Structure formats: C-alpha cells, structure tokens
Amino acid sequence: MFDNFFNDREDILKKREKKNKLHELLDKYGSVEGIEKNAAGADGYEYMFANTGNLIDEVLAERRSGRPLSSAVHESMPQRRNTLLPDDDDFSLEGLELSDRQRKAIKNLDMANQLTIIKALREQQGIEKPRYKTEQNSSNTKNFENEVYRNNTGADMQEYYAEEFINQTMRPIIKKNEGLYNYPYLDTRSKTTIGIGANIDGAELNEDWYYQDPKTKKLRHLDKNNPGDLALIQGELKKLQDIKDTLPRDENGRLKNNYRAEYFEKITNLRISGEYLNELYYSRVNGAIEDIKNTIKQYNNDHEKDYSIPDFEKLPQPLQIVLVDMMYNLGKTKFNYKENDKGTGFPKFWDFLARRNVNGMIRESKRGGIPQARNDETAGYLRQLRQLEGWKKPLE
C-alpha cells in the first residue's frame with residue numbers, strides 16, 4: 001500500500017499536514033504574532049516548514065469564515081471518501097466479553113492499536129460491529145470501496161492510507177525516539193546527524209542549508225555551488241568533528257548524556273529548513289518500509305522450504321510499527337536476517353517472526369545503545385500480537 005506514495009499527490013498531502021499544523025499552532029499561541037514571538041524549539045521549526053507560500057493566510061481565512069479544519073487530500077477527492085475514515089462504531093466495545101480492566105486498557109491505547117485489537121476481538125468472539133450509520137451511508141461506503149479497489153482509483157486509497165500510517169502513526173513515534181533538530185549534531189556514536197536521526201557523515205552536501213547569524217538570529221540561505229558558501233558549510237561541520245575527541249564518554253565509548261543533541265546548537269550556526277526536515281522524514285521512513293519489504297522477500301526466497309513471512313501490508317499494525325522503528329533506527333545492514341561481516345544482525349528475530357513466536361521476537365528485539373524505554377515500547381507493541389488470531393501461539 002506504500003508503493004504509490006511518492007507521486008503527484010504528495011504535494012496535496014503535504015499541504016494537508018501543513019494546514020493542520022498551522023491550526024494547532026494558532027490554537028496554542030492564539031495568533032500569528034503569538035507564534036512568531038513565543039514559539040521556540042520544535043514549535044518554531046514546525047511553523048517555519050508549515051508556513052510556505054503564505055499558507056497561514058489561507059488558514060486564517062478558514063478560521064474567520066468558520067469553516068471546519070480543511071483536509072487537502074479530501075478536497076482533491078470526492079466528499080464521500082470521508083465514509084472510509086474510522087467511525088465511532090469502529091471503536092465500540094459493545095457486545096464484547098471483557099472485564100472492566102480489559103476495557104480500560106484498550107481505551108488507553110492509541111487509535112491505531114485500538115482499531116487492531118477491537119477488530120481482532122470481534123473476529124475471535126464472532127461479534128459484528130455495531131451499525132450506528134444509516135443504511136444509505138453503509139451502501140455508499142460499500143459502493144465507494146468497490147469503486148476504489150476495483151477501478152483505477154485504487155492508487156488514491158493506497159496513497160491515503162500510506163499518508164495516515166507514515167504521518168499520523170509513525171511520525172510521533174519516530175520524533176519521540178529520534179528527536180527533531182534543525183541543526184547538525186553528534187549522536188552518541190559521534191556520527192554527524194541532522195533532522196530526525198539522519199546520519200550525514202560521508203554524504204554529499206545536498207541538504208538545504210542556512211546560516212543563522214549568531215547575533216540577530218536571522219537566516220541566510222547557503223548555496224553549495226557558491227565556493228564561499230560551500231566553505232562555510234564545510235567549516236561549520238568541521239567544528240563538530242574538531243570537538244568530538246574532547247567530549248567525555250561512558251564505559252562503552254558513547255557520549256555522555258549531558259552532551260545530547262541540544263548541546264550542539266550553540267556549537268554550529270548551520271540550520272536546515274523545516275521543509276527539508278519534513279522531506280527528510282518522508283524519504284527515510286519510506287526507505288525503511290522499502291527495506292523491510294525487500295528483507296521479507298529475500299528471507300522468503302532463502303527459506304522456501306521453511307516458514308515464510310507475510311507481505312508487509314498484511315502484517316498487523318503493531319508489528320508494522322516495530323519493523324519500521326527498528327529499520328529506521330538500525331538500517332538494513334544491521335536489521336537483517338543474516339549476520340554481516342561485523343557479526344551484527346537479527347537472524348533470530350526474523351526466524352521468530354516467520355514462526356509467529358511473539359515471546360521470541362520480544363527477546364530478540366532488544367537493541368543496544370538506545371534508552372531502555374524504547375526497548376520497552378517495542379516489547380509493548382509486540383505483546384499486542386498475542387490478542388490476534390494467528391499470533392497467539394507459535395507455528396508448529
């Protein structure tokens with residue numbers, strides 16, 4: 001469902017995201033003046049990337065007219081498309097045999113995981129979803145679903161659900177785990193990094209760089225094709241490399257906690273645009289998904305007489321989240337079913353995945369060099385699989 005994400009619709013989806021973010025910032029700070037005066041850190045960066053092409057004027061016009069929060073992707077599609085969004089009845093626990101404790105636990109899950117668990121419980125207990133909609137709405141939904149999946153509009157829905165998963169489900173998780181920074185910094189392994197955990201050591205200088213005046217804080221765009229600007233970029237990046245050997249480290253050779261990314265904001269005056277931050281995220285998460293798909297395909301080809309792994313699109317969403325987070329964090333060389341020449345890899349994890357062995361996946365999903373809370377979060381998503389048919393016990 002992710003194959004068609006990067007196409008002509010991408011501009012529409014980005015516009016939707018930007019308008020939603022501008023509405024959120026206006027709600028939080030009260031006015032444009034309030035945003036520009038008080039928004040700092042991530043809010044300041046997100047306002048910078050969201051307000052491209054003076055999009056704020058369009059958002060303000062919507063708010064003055066009392067129109068509901070617009071959705072650019074919906075504006076480009078027939079209005080009946082809204083019938084495919086989750087409804088209140090999708091989240092209903094009506095008719096399900098659950099204890100009060102179980103009901104409370106489900107309600108505390110995020111939206112995506114609530115949908116996964118409730119759907120699995122309905123299938124397990126043979127309970128149909130409550131029908132709060134009119135018969136006419138149900139009929140329209142069914143007809144439109146048939147139109148989408150049987151006709152040439154299928155790519156639109158693939159793109160729509162890709163956007164929902166990548167931006168609404170994964171982005172908060174990746175942002176929390178990797179951070180969001182519009183300046184280069186050294187990660188715990190002393191790798192030069194920007195954006196949401198993107199390593200740029202040895203990469204071409206194709207980033208959309210700006211120079212921030214240390215006194216006025218004004219930004220000036222840098223052209224890497226200009227020799228003077230290129231030298232400035234290289235000099236600012238060299239500052240990080242020059243100090244990396246002077247910083248204190250722990251017993252594992254990693255930078256100590258008091259030298260987190262925020263420390264390097266005052267070391268370098270290089271910045272990247274919010275627009276590029278956004279593009280970088282989309283590129284990396286889509287790349288991670290493609291790497292997962294290829295890894296699954298290669299694993300199945302190498303294990304033709306053994307168990308196989310379902311296609312990524314057919315996996316339960318909690319497992320999709322784990323795979324994307326691990327691939328984004330580790331890369332395809334480390335998060336592989338084969339050990340590489342450095343002796344790293346996750347062969348047991350992929351074998352347990354093929355056999356639907358949840359306990360084994362939890363054990364083998366642990367990563368070094370990350371906070372324990374991130375490993376615990378991964379284990380929590382994997383535990384949700386135990387509620388789903390086909391995952392309650394390992395394959396024999």
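In helix 15 (residues 372–383), the buried residues are Arg374, Asn375, Thr378, Ala379, Tyr381 and Leu382, where buried means under 20% relative accessible area with a 1.4 Å probe and protein chains only. These residues cover an arc of only 160 degrees around the axis, so they sit on the same side of helix 15; the arc is that of the directions from the helix axis to the C-beta atoms. Helices here are DSSP runs (H or I, at least four residues), as are strands (E, at least two), numbered from the N terminus. The expected span is 1.5 Å times one less than the number of residues.

The model is predicted, with pLDDT of at least 70 needed for local features and 80 or more for side-chain atom pairs, while totals for chains, interfaces and linings use all residues. Residues are numbered from 1 along each chain as its sequence is written, and side-chain values use heavy atoms, leaving out hydrogens and water.

Two packed helices are described by the angle between their axes and the distance between the axes. Helix 11 (residues 274–302) packs against helix 12 (residues 317–330) at an angle of about 110 degrees, with the axes 9 Å apart. Helix 11 is therefore roughly perpendicular to helix 12, a label for angles of 65 to 115 degrees. Axes are lines fitted to C-alpha atoms, for helices over the stretch in contact, and angles run from 0 to 180 degrees between N-to-C directions. Contact means heavy atoms within 4.5 Å. On the helix 11 side, the residues involved include Tyr281, Arg284, Val285 and Asp291, and they meet Leu323, Val324, Met327 and Tyr328 in helix 12. By class, this contact has nine nonpolar, one polar and two charged residues; Ala, Val, Leu, Ile, Met, Phe, Trp, Tyr, Cys and Pro count as nonpolar, Asp, Glu, Lys and Arg as charged, and the others, Gly among them, as polar.

Helix 11 and helix 12 return, with helix 14, among the elements covering the buried residues of helix 13, namely Phe349, Trp350, Phe352, Leu353 and Ala354. Just after helix 13, arginine 356 takes a positive phi of about 60 degrees. Arginine 356 lies in the loop between helix 13 (347–354) and helix 14 (358–364) and is buried, with a relative accessible area of 15%.

Key. Buried < 20%, exposed > 50% of the residue type's maximum accessible area, 1.4 Å probe, protein only. Parallel < 35°, antiparallel > 145°, perpendicular 65-115°, else oblique.
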